[in-house]
Amino acid sequence: MNAETPAPLPPKVDLRAEFEESGVKAVLDELDAELVGLAPVKARIRETAALLLVERARKRFGLSTETPTLHMSFTGNPGTGKTTVALKMAGLLHRLGYVRKGHLVSVTRDDLVGQYIGHTAPKTKEVLKKAMGGVLFIDEAYYLYKPDNERDYGAEAIEILLQVMENNRDDLVVILAGYADRMENFFQSNPGFRSRIAHHIEFPDYSDEELGRIAEGMLAAQNYQLSPGARAAMAEYIAARRAQPHFANARSIRNALDRARLRAANRLFSADGAVTVEALSTIEEGDIRASRVFLGGLMHERKAAE
Amino acid sequence: MRITQGCFSFLPDLTDEQISAQVEYCLSKGWAIGIEYTDDPHPRNTYWEMWGNPMFDLKDAKGVMLELADCRKAHGDSYIRFNAFDSTRGFETVTMSFIVNRPKVEPRIRMVRQEVDGRSQRYSFETVR
């Protein structure tokens, strides 16, 4: 390189280096490490990251046409990690420079829809103002639209949302989340939403093996561990729990572990004498075996099955 | 007559970009922005009309700028100002205030003399359109 001439615009851009530098790699690695399973979701996020990186490189050469729409819908059963991924998404979009602040505002119908005439618009606008520069996450979005009540104020909130999603595409990203079948209904009756949302991401259910790993991860985060017997019991527990009603993937597992910790604490408390650190941080087989799931669920559910 | 109240009032009018940058600064300090408007810029007219509630918990200036756009639409020919409220305990007051919109023709402020108590003079000011 000649030092006297001013450096011309680099004719090439190293996407790999860009990827490492922008901190996107860190987020994606974190996503891989922290979230078990969810392969299609991760693939989709990777694609989105690639698109934004390429878009950024194009902009540098003056090739960019317009900012891509990034409004998304997350569909999946309860407890499949929709909120967790949304949080990660906000961080990712921030590092890619797509949103300015990268915070996540998580709302449900109650935060958007008012109680009486003229109450909805200010309420929705308030939330949108708070979400500017970040990501607005609307959980169980289908509750916004109630087809059986035509005087419901949800329609007003939807109208304002659509308007902002269109006009302020640079300022915020809207993520709608909910169960697959009901979201499908919601989109069917609100075609405006479907056309404004470019990315539909489906969250698959976890396999038994994945839930087992999730359980261990949750416990490790709280400085607990499973004894070998408890690990086997946990695997059986997951298989049994899945067959029972109101199964909510990772959330069911978290609740089960909370109850197991309760039993473990009770066991340690009723045993006499000093306890070791290891005993304090180990969940035994009995703590899990004591669950009602092994008896076939809650009392009234067992009766119904008989 | 150009009214000089609050920050930046001796400078040329701020552009939207500059206003937005000032709002970013306020938000970075954790201050809440309130929008107020009036048609009477008399220095003793301290309490202007509020345009909605002060905006707490905002992260980005865009939210404030959207409200400003709405306020301008409704009261384009009035004075509009931003008040930045610092809720830190011990302060709990407006810490920064600046005008973001002026009417096309600004009113003048005229001094009025009044004779009281024999030959004593009393001075006051009034806005004249």
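Two strands count as paired here if DSSP finds at least two bridges between them. By that rule, strand E3 (residues 79-86) of chain B and E4(B) are antiparallel partners joined over seven bridges. Welcome to a predicted model, in which local features need pLDDT of at least 70, side-chain atom pairs count only at pLDDT 80 or more, and totals for chains, interfaces and linings use all residues. Residues are numbered from 1 along each chain as its sequence is written, while chains are lettered from A and ligands numbered from 1 in the order in which they are written. Helices (H or I, at least four residues) and strands (E, at least two) are DSSP runs, numbered from the N terminus.

**Chain B: overall layout**

- Chain B holds two helices and six strands, and from the N terminus on its elements follow the order α-β-β-α-β-β-β-β.
- Taken along the principal axes, the box filled by the C-alpha atoms of chain B is roughly 60 × 35 × 25 Å.

**Chain B: the sheet and its helices**

- An open sheet in chain B is formed by four strands in the order E2-E1-E3-E4, with antiparallel pairing.
- Strand E2 (49-50) and strand E4 (93-101) of chain B are at the edges with a single partner strand each, so one side of each has no neighbour in the sheet.
- Within the pairing of E3(B) with E4(B), Asn83(B) has Ser97(B) as its bridge partner in E4(B).
- Helix H1 (residues 16-28) of chain B lies across strand E1 (32-38), E3 and E4 of chain B, and runs at about 170° to E4(B). Axes are lines fitted to C-alpha atoms, for helices over the stretch in contact, and angles run from 0 to 180 degrees between N-to-C directions.
- Helix H2 (residues 62-75) of chain B also packs on the sheet, where it touches E1, E3 and E4 of chain B, and its direction makes about 10° with that of E1(B).

**Where the chains meet**

- Nine residues from chain A and eight residues from chain B make up the contact; two residues are in contact if their C-beta atoms, placed from the backbone, lie within 7 Å.
- On the side of chain B that touches chain A there are three nonpolar, one polar and four charged residues. For these classes, Ala, Val, Leu, Ile, Met, Phe, Trp, Tyr, Cys and Pro count as nonpolar, Asp, Glu, Lys and Arg as charged, and the others, Gly among them, as polar.

**Chain A: domains**

- Chain A is divided into domain 1 (68-203) and domain 2 (208-305), with bounds that come from an automatic or database domain assignment.
- The C-alpha centres of domain 1 and domain 2 of chain A are 35 Å apart.
- Five residues from domain 1 of chain A and five residues from domain 2 of chain A take part in the contact; the domain 1 side has one nonpolar, four polar and no charged residues.

**Chain A: the parallel sheet**

- Five strands of chain A form an open sheet with parallel pairing, in the order E2-E3-E4-E1-E5.
- Strand E2 (104-107) and strand E5 (199-203) of chain A are the edge strands, each pairing on one side only.
- On average, and with direction ignored, neighbouring strands of this sheet are turned by 20° against each other.
- E2(A) runs parallel to strand E3 (residues 135-139) of chain A and is joined to E3(A) by four bridges; the bridge partner of Val107(A) in E3(A) is Ile138(A).

**Chain A: helix pairs**

- Helix H2 (residues 24-34) and helix H3 (residues 39-60) of chain A pack at about 175°, with their axes 11 Å apart. H2(A) is therefore roughly antiparallel to H3(A); angles under 35 degrees count as roughly parallel, over 145 as roughly antiparallel, 65 to 115 as roughly perpendicular and the rest as oblique.
- In this pair, Val24(A), Leu28(A), Leu31(A) and Asp32(A) of H2(A) meet Lys42(A), Ile45(A), Arg46(A), Ala49(A) and Leu53(A) of H3(A). The contact of H2(A) with H3(A) has six nonpolar, no polar and three charged residues.
- Helix H10 (residues 208-221) and helix H12 (residues 249-270) of chain A pack at an angle of about 50°, with axes 10 Å apart, and are therefore oblique to each other.
- The contact of H10(A) with H12(A) divides into eight nonpolar, no polar and one charged residue.
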